[in-house]
Amino acid sequence: MGRLSPDCFDAAPAPMRVADAVALIRARLPVLSGIETIPLAGADGRVLAEDLIAPLDLPPFDNAAVDGYALRAGDLAVEGETRLPIGGRVPAGHPAADPDPGAVVRIFTGAPMPPGTDTVAMQEDVRIEGGTVVLPEGLLPGSNRRRAGEDVARGSIVIRAGTRLGPQHIALAAACGMPALPLRKPLTVALFSTGDELTPPGQPLSPAGIFDANRPMLAALLKRLGADPVDLGILRDEPGPLRARIAGAAASHDLILTSGGVSVGEEDHVRAAVEASGALTFWRLAIKPGRPVALGTVAGTPFIGLPGNPAAAYVTALAVLRPLVLHLSGAHDTAPEMAVRSGFAREKRPGRREYLRVCLRAGPDGLPEAVPAPGGALSGLAGSDGLVELAEDLTAIRVGDALPYRPHGAFGGDTR
């Protein structure tokens, strides 16, 4: 487990912009995930720990891009068709012999070009007459030949460290002959909810209780980020046991995540528990929805506390937890920047970044546009397609404006 200094999260007390908070995380925290070598079959969704350097050219030799006839461009007639004898045959996976001077070689896709040949005529474009091939006029030198290294040059970086691997990366690594890859170990995250009012789904609900929505939600989000959430249950409002459980989690996890219990109320005991064995900084983020986000350390292990309200927990997880986990995991944030057209108008208070739940629908011209999702905090979140992000300095949205958009499915930000 990596160990951090207690003051690594110190920040100004004024409300902080989301972008500044993310920049501070990236500037002050090291990557905590270790490295392990994993066979290629288990690499999907994992983060590459080191640059993959191509050990060979791809393709490794000049080869035919189509089924046809390989020839020397110098044997083509200056004008009109060219008639040449067939002097050999080379299928894919077999070496090619030197062709006779002035002869063509029957060749198949992927087969190595015979020595001295540089052009392939497609079989659909030629005529076979006896033991000769009639080639069309206008065949360009170099046609239908793939040169060695034209896809990947030996010694080049083919996949950069920090890439979350998808099937397309695994194909490239396999083509380079890699049976296994150095990958980041999944970040282990101790996951707690807090509060006497919470009940795990499936257990009897007390008259004053509510079911805990945050742990299942945050565990699912963490898995999408490639982390390994360890569900440690609910922290009750009992200072002694709460302090012991948080301190115990620090010894065997890379990150501690709680929701609820980090404000300044009399029954909010998480703050004291964290400060007993570390340090806690409250970031008053300029964000809506969302309350102060707590960041700190417990015995040198990073700690983050999110709001207890599930909708606010989701938004702050998107804005702060997501970049934190990706950074600690050594992963690049590869989520594409997307924009959608606004199908609504509204005023906005400046100074804070707002996230609105939206659904996509076809506009009058058939192009997609975003409209506010109906329903309350959780039903609206579940019924929406994603969130639009309204910048701090924005004061009004008009119909037709382009708005940054984050679909729920892209929460992990991977390339798959």
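Is C176 buried or exposed? C176 is buried, at a relative accessible area of 4%, where buried means under 20% relative accessible area, exposed over 50%, and partly exposed in between (1.4 Å probe, protein chains only). The model is predicted, so local features need pLDDT of at least 70 and side-chain atom pairs count only at pLDDT 80 or more, while totals for chains, interfaces and linings use all residues. Residues are numbered from 1 along each chain as its sequence is written, and side-chain values use heavy atoms, with hydrogens and water left out.

C359 is buried too, with a relative accessible area of 17%. Zero disulfides (pairs of cysteine sulfur atoms within 2.5 Å) turn up in a search of the whole structure.

**Salt bridges**

The structure holds 19 salt bridges, each a side-chain nitrogen of Lys or Arg within 4 Å of a carboxyl oxygen of Asp or Glu.

D212 is buried at 4% relative accessible area, and R215 is buried at 9%. Helices (H or I, at least four residues) and strands (E, at least two) are DSSP runs, numbered from the N terminus. E347 is exposed at 54%, whereas R398 is partly exposed at 41%.

R406 lies in strand β28 and E389 in strand β26 (residues 386–390), so the pair ties together parts 17 residues apart in sequence. R406 is partly exposed at 27%, and E389 is buried at 11%. Salt bridges with shared partners join R17, R353, E389, E392, D393 and R406 into one network.

**A residue of helix α1**

I25 belongs to helix α1 (residues 18–28) and counts as buried at 1% relative accessibility. Leaving out residues up to four places away in sequence, I25 touches W283, V320, L324 and H327, contact meaning heavy atoms within 4.5 Å. I25 and L295 are 270 residues apart in sequence, yet their C-alpha atoms are 9.8 Å apart in space.
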